[in-house]
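Please keep the sequence and the model in view while reading.

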Amino acid sequence: MKTLVVATGNPGKLKEMQAYLADSNWELTLKPADLDVEETGETFVENACLKASEVAKATEKWAIADDSGLAVDALNGAPGVYSARYGKTDEERIGRLLRELGDTTNRQAQFICVIAVANPQGEIVLQSEGMCKGEILYEVRGDGGFGYDPIFYVPQKQLTFAEMSPELKKSISHRGNALSALVPELIKLKG
Ligand code: IMP
């Protein structure tokens, strides 16, 4: 079994990746708790590559990292790479976004996720991007999911991310799309 270090301290992300990679030859492990990589990049690609590369070099193992966030058209792509840092709690982040959007009628937005894989030398060998388009509601709806889920509405499903079952969200979400595109490539890699 080949080992792939997941560059996250979030056990939820590890679990999600494990589910996708269950049939591959990779065994996933969490990065060491004391190894923190600062997200200094200005794009999702830069941050995902930075995290994968730094964790690979520090552990001398293959590493996988993702970076994701919400880009709102009327806010010129904000909060973007700052999605996690837009406020202290989910409630604050959602409140700030709704305040900044105000009554703007253009509610178009997309969730973006970039995943990068680095070899033990820290070189990026795979990259994948997933996207999910939707609209920002005027108020929260639904109580599932996390982050900006209660204000992110997907017209094709007539549901917010927070109203979807985890399976449905996974099948259409930015992270789901990025992961499913990456898996066949990852299985082909010789670790
Ligand atoms: P990351 O862990 O650095 O990728 O941070 C991404 C941030 O974007 C999270 O803290 C959330 O605020 C937001 N985000 C990313 N994906 C989702 C999602 O699927 N639903 C809701 N919020 C998300």
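Leu 186 belongs to helix α5; helices (H or I, at least four residues) and strands (E, at least two) are DSSP runs, numbered from the N terminus. The model is predicted: local features need pLDDT of at least 70, side-chain atom pairs count only at pLDDT 80 or more, and totals for chains, interfaces and linings use all residues. Residues are numbered from 1 along each chain as its sequence is written, and side-chain values use heavy atoms, with hydrogens and water left out.

When residues up to four places away in sequence are not counted, Leu 186 touches Leu 4, Leu 21, Trp 26, Ile 64, Val 117 and Leu 126; contact means heavy atoms within 4.5 Å. Between the C-alpha atoms of Leu 186 and Gly 12 there are 20 Å, the two residues being 174 residues apart along the chain.

## The packing of α1 and α5

Two packed helices are described by the angle between their axes and the distance between the axes. For helix α1 (residues 11-20) and helix α5 (residues 174-188), the angle is about 45° and the axes are 10 Å apart. Axes here are lines fitted to C-alpha atoms, for helices over the stretch in contact, and angles run from 0 to 180 degrees between N-to-C directions. The helices α1 and α5 are therefore oblique to each other. Angles under 35 degrees count as roughly parallel, over 145 as roughly antiparallel, 65 to 115 as roughly perpendicular, and the rest as oblique.

Lys 51 is part of helix α2, which covers residues 44-59. Its relative accessibility is 8%, so Lys 51 counts as buried. Apart from neighbours within four places in sequence, the contacts of Lys 51 are Ala 7, Val 37, Glu 39, Ala 65, Asp 66 and Asp 67.

Glu 60 is placed in the loop between α2 and β3. With a relative accessible area of 62%, Glu 60 is exposed. Its phi is near 55°, a positive value in a residue other than glycine.

Val 72 is found in strand β3 and, at 0% relative accessibility, counts as buried. Leaving aside neighbours within four places in sequence, Val 72 is in contact with Gly 77, Ala 78, Pro 79, Leu 97, Leu 101, Gln 108, Ala 109 and Ile 136.

Pro 79 lies in the loop between β3 (62-72) and α3, and the peptide bond from Ala 78 to Pro 79 is cis, with omega near -5°. Asn 76 also has its place in the loop between β3 and α3. Asn 76 counts as exposed at 77% relative accessibility, and its phi is near 55°, a positive value in a residue other than glycine.

## Asn 106

The loop between α3 (90-101) and β4 (108-118) holds Asn 106, which is partly exposed, with a relative accessible area of 33%. Asn 106 touches Asp 73, Ala 74 and Leu 101, not counting residues up to four places away in sequence. The C-alpha atoms of Asn 106 and Ala 74 are separated by 6.2 Å, although the two residues are 32 residues apart along the chain.

## Cysteines

A search of the whole structure finds zero disulfides, a disulfide being a pair of cysteine sulfur atoms within 2.5 Å. The closest cysteine sulfur to that of Cys 49 is in Cys 113, 12 Å away, which is too far for a bond. Cys 113 is in no disulfide, and the nearest cysteine sulfur, that of Cys 132, is 12 Å away. Cys 49 counts as buried at 14% relative accessibility, and Cys 113 counts as buried at 0%.

Methods
Buried means under 20% relative accessible area, exposed over 50%, partly exposed in between (1.4 Å probe, protein chains only).
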